[in-house]
Amino acid sequence: MSELLIREDAASISTLTLNNPGALNALSDDMLAALKSTFLDLMEDDTVKAVVLKGAGKAFCAGHDLKEMQAGRQSEDGGSAYFGDLFSRCGEVMQMIPHLPMPVIAQVHGIATAAGCQLVASCDMAVAAEGTRFGVNGVNIGLFCSTPMVALSRNVPRKQAFELLTTGEFVDASRARELGLVNRVVAPDALNTETRDLAETVAAKLSSAVRIGKRAFYEQIQMPLDAAYEYTGQVMATNMMDTNTAEGIQAFIEKRKPDWS
Ligand SMILES: C/C=C/C(=O)SCCNC(=O)CCNC(=O)[C@H](O)C(C)(C)COP(=O)(O)OP(=O)(O)OC[C@H]1O[C@@H](n2cnc3c(N)ncnc32)[C@H](O)[C@@H]1OP(=O)(O)O
């Protein structure tokens with residue numbers, strides 16, 4: 001595993017730390033590759049019940065690595081092929097998050113901008129420290145961040161997403177919560193424990209049910225209303241056939257804790 005991304009597993013929770021603090025955890029080629037490789041591992045991992053994604057140092061993530069991008073112009077075509085490939089790889093990594101079988105929680109502090117803000121929007125939930133600044137400031141240097149608009153326009157009301165993308169201005173954590181970009185805002189010294197609490201709460205649920213539910217959540221969003229009801233009805237019927245779900249319901253009726261295998 002690359003040291004650019006540190007994975008630490010404990011008690012069914014996997015914590016991933018973006019680890020290039022000198023560049024505010026900018027998403028370099030190697031950082032994207034490390035994320036992809038770790039996500040591929042998690043796709044097949046039955047033991048992990050929740051993932052926490054955070055940044056080392058003073059920021060969550062300041063977007064794509066601008067220095068590496070600029071160096072990418074050195075090829076014969078001026079970087080055209082490299083840039084096409086880079087943004088495609090970035091989109092691929094972001095899309096893997098909703099496809100991971102377990103919930104992914106962004107633990108955000110300092111700065112989350114551009115592709116860093118996209119990363120937050122791509123996660124299933126987010127907890128932010130007071131004082132965190134969120135934005136998509138690429139437009140300030142002439143780069144309209146188009147790929148982040150995919151997750152942003154699906155998480156934040158349309159006009160507010162458009163404002164973030166076109167003004168390049170930062171919003172604070174409480175505004176990010178109002179916009180729906182984060183779930184909870186906590187004091188900086190409580191960030192670790194509050195995020196951990198949320199991860200543990202999710203990890204304590206019946207894992208097979210949460211996995212079915214996460215998949216259904218993202219599938220149904222893309223469907224027309226009638227198809228979504230039909231599909232989620234089938235998903236619930238499948239969920240009901242799980243012996244652990246049968247045990248959970250029986251435990252409720254008998255006023256005891258479920259004994260899940
Ligand atoms: C589709 C998506 C596209 C993209 O994501 S394109 C990338 C868009 N991202 C940006 O435009 C953000 C660029 N960074 C900034 O604007 C500022 O940073 C911040 C506002 C985020 C923070 O400012 P401050 O707290 O003053 O920190 P600092 O001194 O600017 O940065 C500390 C070190 O981190 C490096 N760094 C920051 N962001 C990036 C980046 N995105 N790519 C590469 N390096 C970055 C700096 O250069 C510097 O480094 P050194 O200490 O050696 O001078």
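**Ligand surroundings.** I looked up the ligand in this predicted model. I found 21 residues around the ligand, and the closest are Ala62, His64, Leu66, Lys67 and Thr147. A residue counts here if one of its heavy atoms lies within 4 Å of the molecule. I noted that residues are numbered from 1 along each chain as its sequence is written, and that side-chain values use heavy atoms, with hydrogens and water left out. Because the model is predicted, local features need pLDDT of at least 70 and side-chain atom pairs pLDDT 80 or more, while totals for chains, interfaces and linings use all residues.

**Polar contacts.** I listed pairs of N or O atoms within 3.5 Å. A polar backbone atom of His64 is 2.9 Å from an oxygen atom of the ligand. A nitrogen atom of the ligand lies 2.9 Å from a backbone N or O atom of Leu66. The side chain of Asn137 has an N or O atom 3.1 Å from a ligand oxygen atom. The protein buries 67% of the 970 Å² that the ligand exposes when taken alone. I took areas from the Shrake-Rupley method with a 1.4 Å probe.

**Second largest pocket.** I searched for pockets on a 1 Å grid over the protein atoms alone: a pocket is an open set of points where a 1.4 Å probe fits, with protein on both sides within 12 Å along at least five of seven lines, and its lining residues have an atom within 4 Å of a point. Volume is the space filled by probe spheres set on the points, which are joined across faces, edges and corners. The second largest pocket holds about 500 Å³ of space. Its lining has 26 residues, with Ala62, Gly63, His64, Asp65 and Leu66 nearest the centre. Helix H2 (66-71) gives the most to this lining, with 3 residues. Helices here are DSSP runs (H or I, at least four residues), and strands are E runs of at least two, numbered from the N terminus. By class, I have 14 nonpolar, 10 polar and 2 charged residues in this lining. Gly counts as polar and Tyr as nonpolar.

**Largest pocket.** I then turned to the largest pocket, with about 1,000 Å³ of space. Of its 35 lining residues, Pro98, Ser122, Arg154, Tyr218 and Ile221 are the closest to its centre. Elements that give two or more residues include helix H3 (80-99), strand E6 (125-129) and helix H9 (207-221). H9 gives the most, with 8 residues. The lining divides into 19 nonpolar, 11 polar and 5 charged residues. Where does this pocket lie? Domain 1 (5-203) and domain 2 (207-253) both give residues to the lining, so the pocket lies between them. The domain bounds come from an automatic or database assignment.

Key:
A polar contact is a pair of N or O atoms within 3.5 Å; within protein, one must be able to donate a hydrogen and the other to accept it, and residues adjacent in sequence count only if both atoms are side-chain atoms.
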